[in-house]
Amino acid sequence: YDLRAYKELAIYKKENTYASINSIAFSRSGRLLFAGCDDRKIKVWDVLKEGDPILEIDAHTNVIKSVGISSDGYVLASGAHDNEVKLWF
């Protein structure tokens, strides 16, 4: 959404899926968008390319509830109902 122009810029979604997105985080550069989902995957979109994710990570054995990026931008963390926190370098 462009706050200055009051309009939607893009929609990022995975076609033909019913998994809810529970948490999102942007890369430090703002180019990548990470989403932790009910289907136990982390989905990654390039924000300059609308459409399906560029990467899907089979991350956990249960629903992902949180994703976050370290302040230096080098580590993605995910937490899920499988009682695990994982770090992705």
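1. Burial terms. A residue is called buried under 20% relative accessible area, exposed over 50%, and partly exposed in between (1.4 Å probe, protein chains only). By that scale Lys-86 is partly exposed, at 26% relative accessibility.

2. Basis. This is a predicted model, in which local features need pLDDT of at least 70 and side-chain atom pairs count only at pLDDT 80 or more, while totals for chains, interfaces and linings use all residues. Residues are numbered from 1 along each chain as its sequence is written, and side-chain values use heavy atoms, with hydrogens and water left out.

3. Strands here are DSSP runs (E, at least two residues), numbered from the N terminus. In soluble globular proteins, nonpolar side chains tend to be buried together.

4. Salt bridges. The rule asks for a side-chain nitrogen of Lys or Arg within 4 Å of a carboxyl oxygen of Asp or Glu; the count comes to five. Side chains of opposite charge can pair when their charged atoms come close.

5. Asp-46 and Arg-31. The side chains of these two residues form a salt bridge at 2.7 Å, N to O. Asp-46 belongs to strand β3 and Arg-31 to the loop between β1 (21-26) and β2 (32-37), so the bridge ties together parts 15 residues apart in sequence. Asp-46 is buried, with 7% relative accessible area, whereas Arg-31 is partly exposed at 37%.

6. Lys-41 and Asp-58. In this salt bridge the closest N and O atoms are 3.9 Å apart. The pair links distant parts of the chain, with Lys-41 in strand β3 and Asp-58 in strand β4 (residues 55-58), 17 residues apart. Lys-41 is partly exposed at 25% relative accessible area; Asp-58 is exposed at 62%. Both residues also belong to a network of salt bridges with Glu-56.

7. Glu-84 and Lys-86. Their side chains meet in a salt bridge of 3.7 Å, N to O. Glu-84 is partly exposed, at 36% relative accessibility, and Lys-86 is also partly exposed, as given in the opening point.

Technical notes: Helix = DSSP H or I, 4+ residues; strand = E, 2+ residues; numbered from the N terminus.
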